[in-house]
Amino acid sequence: MTPPEGPAGPSEELTYQYGLEIEARSQWAYARRRFLRHRLATTSLVILLLIFGAGLFANYLAPYQYQEINLNALSAKPSLHHLFGTDSAGRDSLSRVLYGIRTSARVGVLVGILSTVIGTIVGGLAGYYGGWADNLLMRVTDLFLTLPLLAVLLVAAKYLGHSTPTKLALLLAFLIWTQIARIVRGSFLSLREKEYVEAAKAAGAGDLRIMLRHMLPNTIGPIVVSATLTIGTAILLEAVLSFLGFGIEPPTPALGALLNEGQDQGIDKWWLVTFPGVVIVVIVLCINFVGDGMRDALDPTQRRVRT
């Protein structure tokens, strides 16, 4: 009777000799561990989820409706009854900030999704096919990059009329997908020369299957990081447009619009500008720190975790 063949690898050898079974971890599991060890990114993610959660559940958390007028508390300073004070119409600033967070988060997330889809499609097609398709798509991308973003947004917002969150998100996504497209193109240019892509072509796989099944999963890291940072950029742009009076229009509350209304009511009512401004700064900083942590976690060349 012949003895059984030996195990094929180190994990099988440990299982065979000592009865130990080693659990294999995926790359996503390692990325999750690296991200959780990034203290600043983890703390920022918790703060960001709390802020966005407060905006999402503003109907339940806000002490007043954002349009509710209290004639007995006109331009009241921050107090126990109105933590963020009130405006000249007696509307509670805390409630308006919570509803404004919901609007800004909606615009930012929608822009992040739409611009990521557009940029991934354009960059993926350009990087995979190369040649004339690459030249055509990249020249279009360069054309969008040369446009003065703020000026184009102001003109477009002026002629589009009343801006709803969805309409503004579509406008922003149409203009800021270019960075993601360039990142995806660079990744696809590198990946299309890999052996497994050549093997898939030799096996008869179609172009769409190769791009979706073999190349796109290996580009998820840069795409996720870029999408995260795009959300922060979109929230800032929405705030700037609303502050200048070309963004979300009343009665829909938005953080930039609250800043615009606050600065119109005078510097002595400092709370009307301070609290919405602080919320915007905290949101954007948290998004940038989360993006930084995700880049460190998803980049396989990273060996040192920053804290």
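Reader: Hi! Is Arg295 buried, exposed or partly exposed?
Author: Arg295 is partly exposed in this predicted model. The relative accessible area of Arg295 is 36%.

Reader: And which residue does the side chain of Arg295 meet in a salt bridge?
Author: That would be Asp292, with 2.2 Å from N to O. Asp292 counts as buried, at 18% relative accessibility, because the cut-off for buried is under 20%.

Reader: Nice. How many salt bridges are found in the whole structure?
Author: The search finds six. One of them joins the side chains of Asp134 and Arg185, at 2.7 Å from N to O. That pair links distant parts of the chain, as Asp134 is in helix H6 and Arg185 is in helix H9, 51 residues away.

Reader: What does Arg182 form a salt bridge with?
Author: Arg182 pairs with Asp142, and their closest N and O atoms are 3.2 Å apart. Arg182 belongs to helix H9 and Asp142 to helix H6, so this pair ties together parts that are 40 residues apart in sequence. Arg182 is partly exposed at 39% relative accessibility, and Asp142 is partly exposed at 24%. There is a network of salt bridges here too, linking Arg139, Asp142 and Arg182.

Reader: What's the volume of the second largest pocket?
Author: About 230 Å³. It is lined by 14 residues, and the closest to its centre are Leu145, Leu175, Ile176, Thr178 and Gln179. So Thr178 turns up again there. Helices H6, H9 and H12 each supply at least two residues of that lining.

Reader: Changing topic: how many cavities of 30 Å³ or more are there?
Author: The count comes to one. About 100 Å³ of space lies in the largest cavity. Among the residues lining it are Asp87, Arg96, Glu261 and Trp271. H5, H13 and H14 each supply at least two residues of the lining.

Reader: Back to helix H14, then. Is Ile287 buried or exposed?
Author: Ile287 lies in helix H14 and is buried, with a relative accessible area of 2%. Setting aside neighbours within four places in sequence, Ile287 is in contact with Leu48, Thr228, Leu229, Ile231, Gly232 and Ile235.

Reader: What about the surface, which residues make the nonpolar patch?
Author: Val109, Ile113, Val117, Ile121, Leu125 and Tyr129 make a nonpolar surface patch of about 510 Å². Ile121 lies in helix H5, which covers residues 93-129.

Reader: Last one! How many helices and strands are there in the protein?
Author: There are 14 helices and zero strands. The protein has 307 residues, and 42% of them count as buried. It exposes about 17,200 Å², with carbon and sulfur atoms supplying 63% of that.

How values were computed. Residues are numbered from 1 along each chain as its sequence is written. This is a predicted model: local features need pLDDT of at least 70, side-chain atom pairs count only at pLDDT 80 or more; totals for chains, interfaces and linings use all residues. Side-chain values use heavy atoms; hydrogens and water are left out. Patches are made of residues with over 30% relative accessible area and no salt bridge: like charges are joined within 9 Å, nonpolar side chains (Val, Leu, Ile, Met, Phe, Trp, Tyr) within 5 Å. Accessible areas come from the Shrake-Rupley method with a 1.4 Å probe; for residues, only the protein chains shown count as cover. A salt bridge is a side-chain nitrogen of Lys or Arg within 4 Å of a carboxyl oxygen of Asp or Glu. Helices (H or I, at least four residues) and strands (E, at least two) are DSSP runs, numbered from the N terminus. Buried means under 20% relative accessible area, exposed over 50%, partly exposed in between (1.4 Å probe, protein chains only). On a 1 Å grid over the protein atoms alone, a cavity is a set of points where a 1.4 Å probe fits but cannot get out, and a pocket is an open set with protein on both sides within 12 Å along at least five of seven lines; lining residues have an atom within 4 Å of a point. Grid points are joined across faces, edges and corners, and a volume is the space filled by probe spheres set on the points. Contact means heavy atoms within 4.5 Å.
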